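Let's take a walk through this one, starting with a pair of helices and moving on to the charged side chains. Keep the viewer open as you read.

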Amino acid sequence: MMETIQRTIPFSEPTVGEAEYLAVQRAIEMKSLGGDGKFCRETEMLMSKMFNVKHALLTTSCTHALELAMMTLDLKPGDEVILPSFTFTSTANVIIRQGAVPVFVDIDSDTFNMDASKIEAAITPNTRIIMPVHYAGQGCDMDAIMDIAKRHNLYVVEDAAQGVGASWNGQPLGTIGDIGCLSFHATKNISCGEGGAFLTNNTKLAHKAEIIREKGTNRAAFLRGEVDKYTWVSLGSSFVLTDMLAALLKVQLERTSELNENRIDIWNTYYSGTAELEAKGLVKRPVFHSNATNNGHIFALLINNGRRDEIMAAMKKRGISCTFHYVPLHSSPFMVDYFNGNVENLPITDKVSNSLLRLPIFAHLSTQDVEYILSQLHEVFS
């Protein structure tokens, strides 16, 4: 009988230090607490430079960035958006809130990203948007997706919540489609607790989004000196990030290389440390497309022979917080009810969801803890 182990390793933790504390302190001392102030503008300028994108607008979350994208593109009732089912609820929620219809397609069995070869068959006269989700920070096949979108005159909105610091063919994720949405949630590589960003190279869309996120006013134009007063000019909402969080985020963004490199080192150790398990047919390790870079956001194994829950429970007993990931949206209670029980058949999505196991990964996870996690994983399998 295994003795009780007191050690506890969390699944995820934000990596923050003195610089982040000082940044927030400075914002407080300057009484710069509202949204779209000095620190927001500085951070947006930094993001534009880092991601080589014309327009970067901070939002309170990636969910709000996605919602802003749908509003900016005038998504209407009856319109359809193509997306994977293997994603977080936000990706579909923002579609349904506009009265539009999510159309789910299956994922690729290697990358867990939307299978680009399945997209064209899902297009109808009502299709307006393709929404790829870059799972684990690995870019979807954006060459194929952009080609399909161009031929069918569709918008592409990238859910790049997990993709900060990663690229496809050398282009930062979130800057390839018409609009890209990032997350700076506490679980992400770069974090300010809660936060997101709306990216675009389309100036017309950017100006429209500025108005929507500022309660339907032209306040952004006023702050740039383009108008002598600001007023209500359009339907809108409140998606602006507070300056305190923007100050913290600026420091985190400046640490992107450091934080991502730490995570990639851990990812690589996990990858080599699970080779033997894969050789024995016990797991399937992550697969990366040659055009995609890795930001070390997630290390996920597929556990063979239906043992995922057993392995996860055994690791938990050893103080290691492993976890599964998305319950597919197409088979969720809300979607089953939404589609009156007409659930789509997405076999690869279901298989991946039922067998995927994620190992703890965050930038300050120690070498000793990584070695312990691997040793315990091997012991559990044995």
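The crossing of α3 and α4 is right-handed, where right-handed means that the near helix is turned clockwise from the far one by less than a right angle, and left-handed means anticlockwise. Before going further, note that this is a predicted model, in which local features need pLDDT of at least 70 and side-chain atom pairs count only at pLDDT 80 or more, while totals for chains, interfaces and linings use all residues. Residues are numbered from 1 along each chain as its sequence is written, and side-chain values use heavy atoms, with hydrogens and water left out. Helices (H or I, at least four residues) and strands (E, at least two) are DSSP runs, numbered from the N terminus.

Back to the pair: α3 covers residues 62–72 and α4 residues 89–96, and they pack at an angle of about 30 degrees with their axes 9 Å apart. Those axes are lines fitted to C-alpha atoms, for helices over the stretch in contact, and the angles run from 0 to 180 degrees between N-to-C directions. On the α3 side, Thr63, Leu66, Glu67 and Met70 do the touching, and they meet Ser90, Thr91, Val94 and Ile95 of α4; contact here means heavy atoms within 4.5 Å. By type, the residues of this contact are 4 nonpolar, 3 polar and 1 charged (Ala, Val, Leu, Ile, Met, Phe, Trp, Tyr, Cys and Pro count as nonpolar, Asp, Glu, Lys and Arg as charged, and the others, Gly among them, as polar).

How enclosed is α3 by the rest of the structure? Largely, because 9 of its 11 residues are buried, with buried meaning under 20% relative accessible area, exposed over 50%, and partly exposed in between (1.4 Å probe, protein chains only). Among the buried ones are Leu66, Glu67 and Met70. At the start of α3, a side-chain oxygen of serine 61 comes to within 3.4 Å of the backbone nitrogen of threonine 63. Just after the helix, aspartate 74 takes a positive phi of about 55 degrees.

Aspartate 74 also pairs up with lysine 208 in a salt bridge, with the closest N and O atoms 2.6 Å apart (the rule is a side-chain nitrogen of Lys or Arg within 4 Å of a carboxyl oxygen of Asp or Glu). This pair links distant parts of the chain, 134 residues apart: lysine 208 sits in helix α7 (residues 203–213), aspartate 74 in the loop between α3 and β2. Lysine 208 is partly exposed at 30%, and aspartate 74 is partly exposed at 35%.

Other bridges stay within one helix. Glutamate 42 and lysine 38 meet at 2.6 Å, N to O, and they lie 4 residues apart in α2, about one helical turn. Likewise, lysine 250 bridges to glutamate 254 at 2.9 Å, again 4 residues apart, in helix α9. An α-helix has 3.6 residues a turn, so residues three or four places apart point the same way. In total the count comes to 22 salt bridges, and Asp36, Glu44, Arg213, Glu214, Lys215 and Arg219 are linked in a network of them.

One last stop: histidine 134, in the loop between β4 and α6. Histidine 134 is buried, with a relative accessible area of 0%. Its side chain makes a polar contact of 2.8 Å with that of glutamate 158, where a polar contact is a pair of N or O atoms within 3.5 Å; within protein, one must be able to donate a hydrogen and the other to accept it, and residues adjacent in sequence count only if both atoms are side-chain atoms.
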